Each structure stands twice: as structure tokens, then as C-alpha cells.
Amino acid sequence: AAASDAGRRWIDRALLATPGVGVVLARFALVRFARMLGTLLKAGVSMVPALRIAQQAIGNQTLSDAVGKAIEDVQQGTSLARSLGYCPKLFPASVVEMVAVGEESGRLDEELVRLAGAYEGDLDRRLRMLVSVLEPLMLFVMAAVIGTVIVGMLLPVFTLQDMIQ
């Protein structure tokens, strides 16, 4: 199990480092985390158990580990905004500021749900852009595969023709 966990972490780190894809994965994890945490806090769940449940909703082991460190900081008495600020890949500075405002105003649950909604729009835009970039690449790959199959089928025919003559 330890080897598979290490492999999963390596794959998650590689995916996060991939240009374009990494940002989309991080935004997707942020939206899931913020919506889950905001909903749990609104339902009256205390902060640390809500953070633990929201951590499981992230889906990326590397980002989940960073949130685990933030949970430890919150248990030590650090504010949520400050502890989330240590993971800039998942929580950009603007998100940390919004969480800090939510904590100070006592409306963290509403702020997190609003934040999730705002970042869903950003995520949708990034996904559309990523798909528009990947479409030509996919067409090129498909053309290469089809070309290889056709050459593989026609080459023996030409070789047979040379042998007959």
C-alpha cells in the first residue's frame, strides 16, 4: 500500500506540473474543497471535522497532503486563511484573502460557497480553452495512427508486386 501511495503522489505531482492541465486540476480541487467546507460549516459542523471531510473531497493526494498540514496548523490555533496560504498551488493569494475576510466577518461558510461559484466559472473557461487547444493535437495523433495503418497495409502489397515481377 505504501508503494501505491508513493506512486499516486508522484502521478499527482506530475499532473499538477503539466502546463494547462495542472491549473485545471488545482482549480477543480479548490472548487470541490470550498463548496464542501462551506456547506459543512453552514450545516453547523465544527471547523476541524469539516476540514477533514473537505480534505477527502479534493481528489488529488498532493493537494490533500497540503490541506492536511493546514488542518494541523488550524488545530494549533492558526487562522484558516494563514494556514491555507502555505499551499499557493491550491489556494492562490486572492482565495486566501477571501477566506480571511470571511473569517473576520464571521461569514466564512457563505464566502466559501460564493468562492466556489466564482471559481466554477473560471474552471469552465479554462476547460473550454484546454479542449480547444487539445482538439488539433488529437486530430494530428489520429491522422498519424491512420497513416501508419494505411502504410502498414499497402507496403506488403507493393513488396508482393516487386516479387512477382
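Helix 3 and helix 4 run roughly antiparallel to each other, a label that therefore calls for an angle over 145 degrees. Helix 3 covers residues 47–56 and helix 4 covers residues 61–75; their axes come within 10 Å and cross at roughly 175 degrees. This is a predicted model, in which local features need pLDDT of at least 70 and side-chain atom pairs count only at pLDDT 80 or more, while totals for chains, interfaces and linings use all residues. Residues are numbered from 1 along each chain as its sequence is written, and side-chain values use heavy atoms, with hydrogens and water left out. The helices here are DSSP runs (H or I, at least four residues), numbered from the N terminus. Axes are lines fitted to C-alpha atoms over the stretch in contact, with angles running from 0 to 180 degrees between N-to-C directions.

Who touches whom? On the helix 3 side, Met47, Val48, Leu51, Arg52 and Gln55 meet Ser64, Val67, Gly68, Ile71, Val74 and Gln75 of helix 4, where contact means heavy atoms within 4.5 Å. Sorted by class, that contact has 6 nonpolar, 4 polar and 1 charged residues. Here Ala, Val, Leu, Ile, Met, Phe, Trp, Tyr, Cys and Pro go down as nonpolar, Asp, Glu, Lys and Arg as charged, and the others, Gly among them, as polar.

Next come helix 6 (residues 93–105) and helix 7 (residues 108–164), which pack at about 155 degrees with their axes 8 Å apart. That makes helix 6 roughly antiparallel to helix 7. In helix 6, Ser94, Val95, Met98, Val99, Gly102 and Glu103 meet Leu108, Glu111, Leu112, Arg114, Leu115 and Tyr119 in helix 7. The class count for this contact is 7 nonpolar, 2 polar and 3 charged residues.

As for rings, a search of the whole structure turns up 1 aromatic pair (ring centres within 6.5 Å). The rings of Phe33 and Phe91 have centres 5.4 Å apart and planes at 65 degrees, so the pair is edge-to-face (planes over 60 degrees apart). The pair ties together distant parts of the chain, 58 residues apart: Phe33 belongs to helix 2 (residues 21–42), and Phe91 to the loop between helix 5 (80–84) and helix 6.

The C-alpha atoms of Thr39 and Ala54 are separated by 9.6 Å, the two residues being 15 residues apart along the chain.

Terms used. Helix = DSSP H or I, 4+ residues; strand = E, 2+ residues; numbered from the N terminus. Parallel < 35°, antiparallel > 145°, perpendicular 65-115°, else oblique. Phe/Tyr/Trp six-rings, centres within 6.5 Å; stacked < 30°, edge-to-face > 60°.
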